[in-house]
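Please read it beside the sequence and the model shown here.

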Amino acid sequence: ATARGCSSAGGGGAVGVVNQEGETRLELRIDDVDGTWEIAEAIADAADAGDVVLLEGEVGAGKTTFARGFIRAFTGDPDATVASPSFLLHLQYPGGPCTLHHLDLYRLLPDRDLAFLGLEEVLPTGVSLIEWPSPKLAHMLPESLLKVHLTEEAAAAPAPEEGGGGEEGEFALPEMDAPRRLTLVAKGAKWQAWLQDTFPPQ
């Protein structure tokens, strides 16, 4: 069933659309932080070693909120300190069924060679949550993956995704001052089946 804090775009039941590239796409309206966390937790519960979740959206769109919910759910620690990997590029979190790799490629140029990150060896060893994914990742990604794209539904005052105002030792958790649109794009059999099972047509 659809998570409590969100609804399908346009109202009514959630409907997945399979396009010619073998993707299932679903757009949801997220009303608040709890709704974002519920989606993040549902995805974390389904993730296994080798899975990749690509997290997209402009600054202030809610990626920080999503990442925190995902990491806390996957590690099973609701109080886990979630640090920003913006400068370090790659952080690892133990405690879950396997290692969770949290990567943020925002500070890398789009054409930057990613070989120095060793991702071809890293990605199969755990679950990878990748913010600001680079086109250079394409040949390293598994056939089955999930993209999460967040956008603000209405213009609002800028809410930086890092800096002061958050929990101690963490990046800021901006208030969701407007609803978000969350688009899920599932590629491959596993995530397509998960999307259709989690958000069945109504």
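Helices (H or I, at least four residues) and strands (E, at least two) are DSSP runs, numbered from the N terminus.

## Basis of the description

The model is predicted, so local features need a pLDDT of at least 70 and side-chain atom pairs count only at pLDDT 80 or more, while totals for chains, interfaces and linings use all residues. Residues are numbered from 1 along each chain as its sequence is written, and side-chain values use heavy atoms, with hydrogens and water left out.

## Overall architecture

The protein contains four helices and nine strands, and read from the N terminus its elements follow the order β-β-β-α-β-α-β-β-α-β-β-β-α. Of its 202 residues, 49% count as buried, where buried means under 20% relative accessible area, exposed over 50% and partly exposed in between (1.4 Å probe, protein chains only).

Taking contact to mean heavy atoms within 4.5 Å, 71% of the contacts between residues at least 6 apart in sequence join residues at least 24 apart.

## Helix α1 against helix α2

Axes are lines fitted to C-alpha atoms, for helices over the stretch in contact, and angles run from 0 to 180 degrees between N-to-C directions. On this basis the axes of α1 and helix α2 (residues 63-75) come within 8 Å of each other and cross at roughly 45°. That angle makes α1 oblique to α2, given that angles under 35 degrees count as roughly parallel, over 145 as roughly antiparallel, 65 to 115 as roughly perpendicular and the rest as oblique. The crossing of α1 and α2 is right-handed; a crossing is left-handed if the near helix is turned anticlockwise from the far one by less than a right angle, and right-handed if clockwise.

On the α1 side the contact is made by Val33, Thr36, Trp37, Ile39, Ala40, Glu41, Ile43 and Ala44, and on the α2 side by Thr65, Phe66, Gly69, Phe70, Ala73 and Phe74. By class, the contact of α1 with α2 comprises 10 nonpolar, three polar and one charged residues, where Ala, Val, Leu, Ile, Met, Phe, Trp, Tyr, Cys and Pro count as nonpolar, Asp, Glu, Lys and Arg as charged, and the others, Gly among them, as polar.

## Helix α1 against helix α4

Helix α1 (residues 33-46) also meets helix α4 (residues 188-198), and the two axes come within 12 Å and cross at roughly 135°. That makes α1 oblique to α4, and α1 passes α4 in a right-handed crossing.

Here Ala42, Ile43 and Ala46 of α1 are in contact with Lys190, Trp191 and Trp194 of α4. The residues of this contact divide into five nonpolar, no polar and one charged.

## Gln192 in helix α4

Gln192 is found in helix α4 and is buried, because its relative accessible area is 16%. A polar contact is a pair of N or O atoms within 3.5 Å; within protein, one must be able to donate a hydrogen and the other to accept it, and residues adjacent in sequence count only if both atoms are side-chain atoms. The side chain of Gln192 makes such a contact with the side chain of Thr24, at 2.9 Å, and a polar atom of the Gln192 side chain lies 3.0 Å from the backbone oxygen of Gly22.

Gln192 and Leu145 are 47 residues apart in sequence, and their C-alpha atoms are 9.0 Å apart in space.

## Loop residues

Trp132 lies in the loop between β7 (126-131) and β8 (145-152), and has a positive phi of about 50° although it is not a glycine. With a relative accessible area of 23%, Trp132 is partly exposed.

Gly96 counts as partly exposed at 26% relative accessibility, whereas Gly60 counts as buried at 4%. Leaving aside neighbours within four places in sequence, Gly96 is in contact with Phe74 and Thr75, and its C-alpha atom is 9.4 Å from that of Arg72, 24 residues away in sequence. For Gly60, the C-alpha atom is separated by 9.4 Å from that of Leu150, which is 90 residues apart from Gly60 along the chain.
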